[in-house]
Amino acid sequence: MEVDKIPLLTPYTMGKFHLSHRVVLAPLTRQRSYNNVPQPHAILYYSQRASKGGLLIAEATGVSDTAQGYPDTPGIWTKEQVEAWKPIADAVHAKGGIFFCQIWHVGRVSNQGFQPNGQAPISCTDKPLKPQVRANGVDVATFSPPRRLRTDEIPQIVNDFRLAARNAIEAGFDGVEIHGAHGYLIDQFMKDRVNDRTDQYGGSLEKRCRFALEIVEAISNEIGADKVGIRLSPFADYMESGDSNPKALGLYMVESLNKYGILYCHIVEPRMIKVGEKCECPDSLLPMRKAFNGTFIVAGGYDRDDGNKAVAENRADLVAFGRLFLANPDLPRRFELDAPLNRYNRDTFYISDPVVGYTDYPFLETAI
């Protein structure tokens, strides 16, 4: 394929951002931000994966001191954290990249050891989460029973997201992606198998989505809807967060998002019901794609051929790659040449080493 015939390598205009290709770095938790502060080694990691006109989405970043559920994940609620992100954003921009910060709150996917003063994690519910085998297939994560947020506490959490978005812009990010996927706090509110509330944030589909949409509205008002994306996984059942009618949930959300005019919607494919596992699935994102007015990003087990097909068939504007981009810092270049790919090493995804499994994946030889 010539470059101009490779759909993933065609230019695309996303709002005010001019992308030179459609290969997006998916947000990937890396657990190398010691004490929840981004580290200098992240400057190299992100700049390695930056390209002129390429979109990178940073790893999930906590919005407050109650947002954490994993060791050494970054935050963006303190001045120190904001300052630590600045050289990372500068390095991405120096290579012509566009950089969004994914902001999250884990909700009940946590335990008292990660919480201020050893308090219970907060959620929409007080239903506990069963212990889970971690992504490395060995370690078992245990979760403390959560505390159900009172109705009058919810505006404070919305405000935490708003302030985190403002901090992200101050840190030099081009925008934010709200993490509304994979069983974390926003997803806990949206999914009827978790949310058992009887106030205005529970029950009907509209009420379960209220929290997510209040966050979208608050952040759009704070930094501008043209700098806001959201990630959703209506079909997924991560962390016991499934829904009885994911098609209705997905469609309701994208139609509601249109009212705010946000920049993009980033959706996880229905085939990714569990972390890292593709399954045969009759469901499709096409109804959501057709209903959403902004840029539509898809993710979930894509390779070069899948991604090219998704763009060529107009099922997506952009395609996010996780494991392949982690292992191949020059992924767009390799796609262009149809070059062989480095294999990723799952054992080093979540270790805390500043180099191994992080910045030591090789680039293609420059001679090619």
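Predicted model: local features only at pLDDT ≥ 70, side-chain atom pairs only at ≥ 80, totals over all residues.

Residues are numbered from 1 along each chain as its sequence is written, and side-chain values use heavy atoms, with hydrogens and water left out.

**Exercise 1.** Find the partner of glutamate 170 in a salt bridge, and describe where both residues lie.

Solution. A salt bridge is counted when a side-chain nitrogen of Lys or Arg is within 4 Å of a carboxyl oxygen of Asp or Glu. Glutamate 170 pairs in this way with lysine 79, and their closest N and O atoms are 3.1 Å apart. The pair links distant parts of the chain, since glutamate 170 belongs to helix α3 (residues 154-170) and lysine 79 to helix α2 (residues 79-94), 91 residues apart; helices are DSSP runs (H or I, at least four residues), numbered from the N terminus. With relative accessible areas of 40% for glutamate 170 and 54% for lysine 79, the former is partly exposed and the latter exposed (buried is under 20%, exposed over 50%, partly exposed in between, with a 1.4 Å probe and protein chains only).

**Exercise 2.** Determine how far apart in sequence glutamate 222 and arginine 166 are, and what their pairing ties together.

Solution. The two side chains meet in a salt bridge at 3.7 Å, N to O. Glutamate 222 lies in helix α5 (residues 205-223) and arginine 166 in helix α3, so their contact ties together parts that are 56 residues apart in sequence.

Conventions:
Helix = DSSP H or I, 4+ residues; strand = E, 2+ residues; numbered from the N terminus.
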